[in-house]
Amino acid sequence: MTVYIEYVLIDNFVLDYLFLKATFHLTNIPSSKGRLLFCAFLGSVFALIYPLIRLGSVGTAVIKILFGLLLTLISGKFKTKKEYYVCTLIFFCLTTLTGGGIIAVYNLIGLNYSSELSIGLMILPAYAILKIVLAVIKYIYSRKAVVQNVYKCELSLGGRVVVTDGFMDTGNMLYDGDTPVIVCDKRVAKELFSGDTLPKIKRITFSTVSGKSTMMAITINSIKIYFDGHENIYNKVTLGVAKNSVGTGYGVILHPALEKDYAKLNRDDKNVS
């Protein structure tokens, strides 16, 4: 039975530390390693005495929830109540999802969840499930960020107009002289180019991790970008053609200078009014 107690203490200490660390990593709320270790220790002690509590199913559940609220409160340095609420919600979600995942794994392999062996091996599946959950959350947030930076665009060349979505990429630092370069994929380029609108082609040089590279580019008549539902037209824009797809769900990579120009125009309009 001594081995069982050691397993409970060690496993819950490690798991609580992982859950708390992941929670504060996701929320970007400041904490310290000392706080996390102390709260993980409290969590392991609570896991040891929790089975001894006899208040009925509802009462013990309430005690467990209250302890979770206390644990996150001690762990972080919160500036607002909202930060605390969000942090606590994520902590409960991570523990619930990971706990359910562990039970599912053990049921799948036919291992008794209440056995000493299962408790001793709890860290490995919990760590793997937690990594998967974090990866999914980060992917969802990244997709949300991409969607928030996608704008409807209209590219014009020689009377031909192509409508597509453009992604505002802050990492796009390409310039053709003093002109910012937007980049499209081959599909958009084929739609834009035709026999009577075949433009003069030039090549621009840019740096990559592996060294210098070149890209075919043209000067289009204009690009119309809809920021916040407002129509913004930029004339004589350099359009580079990527060798591969520029991304899923959009056909053009926009230059951040265009968004800055829009913000500047908004400020100037407000000052005039």
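Trainee: Let's start with R187: what is its relative accessible area, and how do I read that?

Mentor: Go by the cut-offs: buried means under 20% relative accessible area, exposed means over 50%, and partly exposed is in between, using a 1.4 Å probe and protein chains only. R187 comes out at 43%, so call it partly exposed. Before we go on, remember that this is a predicted model, where local features need pLDDT of at least 70, side-chain atom pairs count only at pLDDT 80 or more, and totals for chains, interfaces and linings use all residues. Residues are numbered from 1 along each chain as its sequence is written, and side-chain values use heavy atoms, with hydrogens and water left out.

Trainee: Okay. Which residue forms a salt bridge with R187?

Mentor: The general idea first: side chains of opposite charge can pair when their charged atoms come close. The cut-off here is a side-chain nitrogen of Lys or Arg within 4 Å of a carboxyl oxygen of Asp or Glu. R187 pairs with E191, with the closest N and O atoms 3.1 Å apart. Both sit in helix α7 (residues 186-192), four residues apart, which is about one turn of the helix. E191 is partly exposed too, at 34%. By the way, helices (H or I, at least four residues) and strands (E, at least two) are DSSP runs, numbered from the N terminus.

Trainee: How many salt bridges does the structure hold?

Mentor: Four. One of them joins E154 and K224, at 3.6 Å between the closest N and O atoms. E154 is in strand β1 (residues 150-157) and K224 in strand β6 (residues 211-227), so this pair ties together parts that are 70 residues apart in sequence. E154 is buried, at 16%. K224 also meets E231 in a salt bridge, 3.8 Å from N to O, and E231 is partly exposed at 46%.

Trainee: Now aromatics. How many pairs does a search of the whole structure find?

Mentor: Seven. You describe a pair of aromatic rings by the distance of the centres and the angle of the planes. Rings of Phe, Tyr and Trp (its six-membered ring) pair if their centres lie within 6.5 Å; planes under 30 degrees apart are stacked, over 60 edge-to-face, and the rest tilted. Take F46 and F67, a stacked pair: 4.1 Å centre to centre, with 5° between the planes. F46 belongs to helix α2 (residues 33-49) and F67 to helix α3, 21 residues apart, so the pair links distant parts of the chain. F46 is buried at 11%, and F67 is buried at 17%. Elsewhere, F24, F78, Y84 and Y85 form one aromatic cluster.

Trainee: What about T88: buried or exposed?

Mentor: Buried, at 5%. T88 is in helix α4 (residues 81-109). For its polar contacts, look for a pair of N or O atoms within 3.5 Å; within protein, one must be able to donate a hydrogen and the other to accept it, and residues adjacent in sequence count only if both atoms are side-chain atoms. The T88 side chain makes such a contact with the side chain of T72 at 2.9 Å, and reaches the backbone oxygen of Y84 at 2.8 Å. T72 is among the buried residues of α3.
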